[in-house]
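Work through the following exercises with the sequence and the coordinates at hand. Each task is followed by a solution that goes step by step.

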Amino acid sequence: MNKKLRIVVLVSGGGTNLQAVIDAIQDGTITNTEIVGVISNNPGVKAMERAEKAGIDAKCVSPKNFAVRADFEEALLAAVQAYEPDLVVLAGCMVVIPEKMVKAFENRIINIHPALIPAFCGTGYYGLRVHQKVLERGARVTGATVHFVDAGTDTGPIILQKAVYVQEGDTPEILQRRVMEEAEWKIMPKAIDLIANGRVKVENGKACIADYTFGEE
Ligand code: GRF
């Protein structure tokens, strides 16, 4: 039996992506994996309740408790390292990951972005704003992307993507929900399972997945 992949999940709010990972481990969609901790940058959010309900150690490291941003970043990195994770999962995490943490976990931090990178991503594109921009542009197709985190914003190697059609009458909220249900909650668990089973390598800045047919997520 391979050693279980130890993952720490960073959250900021609702935690629906965290819940998708918890449920996927429960039902065997994700194998060889254990969530060893959840860290939120906001106190009292639903994501923390979800962790506690699942019996997962959860803590809050909030920038509001630090006079200096650098001290918050140090505390966040220390809190992550204390769990000795193999992989850090950003699930609805709104914190810009400090460079020191990216370096400490090179190609061992993954993020879910609610659009098809390189579209509708980068600085200022997060949460509901992404879907607002998709609707403003009149795009027909959007979706979600799981990627490794590098020093840039949404610029790391892409692991999985899943497309979602925009429908007439969509509001940002309706579209966000559809993208979460049809894309995010499927490709995040799938990406973790692939990594947990040694299927994902990064070569020349690209993620490669051996013996895998894309589009079946
Ligand atoms: C989702 O739109 C996700 O794509 C984005 O943050 C939003 C909330 O995620 N990263 P969650 O429900 O907190 O997982």
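**Exercise 1.** In this predicted model, determine how the axes of H1 and helix H2 (residues 46-53) are oriented to each other, and identify the residues that make the contact.

*Solution.* Begin with the axes, which come within 9 Å and cross at roughly 15°. Angles under 35 degrees count as roughly parallel, and H1 and H2 are therefore roughly parallel to each other. The next step is the handedness, and here H1 passes H2 in a left-handed crossing.

**Exercise 2.** Describe the largest pocket by its volume, the residues closest to its centre and the classes of its lining.

*Solution.* The volume of the largest pocket is about 750 Å³. Its lining comprises 36 residues, of which Cys93, Met94, Asn111, Ile112 and Tyr126 are the closest to the centre. Two or more lining residues come from each of helix H1 (16-26), strand S5 (109-113) and helix H6 (172-196). By class, the lining of the largest pocket divides into 15 nonpolar, 18 polar and three charged residues.

**Exercise 3.** Which element gives the largest share of the lining of the second largest pocket?

*Solution.* The second largest pocket holds about 170 Å³ of space, and its lining includes Leu5, Asp86, Phe148, Arg199 and Lys201. Strand S8 (residues 200-203) gives the largest share of this lining, with three residues. The classes in the lining of the second largest pocket are six nonpolar, two polar and four charged residues.

Methods. Residues are numbered from 1 along each chain as its sequence is written. This is a predicted model: local features need pLDDT of at least 70, side-chain atom pairs count only at pLDDT 80 or more; totals for chains, interfaces and linings use all residues. Side-chain values use heavy atoms; hydrogens and water are left out. On a 1 Å grid over the protein atoms alone, a cavity is a set of points where a 1.4 Å probe fits but cannot get out, and a pocket is an open set with protein on both sides within 12 Å along at least five of seven lines; lining residues have an atom within 4 Å of a point. Grid points are joined across faces, edges and corners, and a volume is the space filled by probe spheres set on the points. Helices (H or I, at least four residues) and strands (E, at least two) are DSSP runs, numbered from the N terminus. Ala, Val, Leu, Ile, Met, Phe, Trp, Tyr, Cys and Pro count as nonpolar, Asp, Glu, Lys and Arg as charged, and the others, Gly among them, as polar. Axes are lines fitted to C-alpha atoms, for helices over the stretch in contact, and angles run from 0 to 180 degrees between N-to-C directions. Angles under 35 degrees count as roughly parallel, over 145 as roughly antiparallel, 65 to 115 as roughly perpendicular and the rest as oblique. A crossing is left-handed if the near helix is turned anticlockwise from the far one by less than a right angle, and right-handed if clockwise. Contact means heavy atoms within 4.5 Å.
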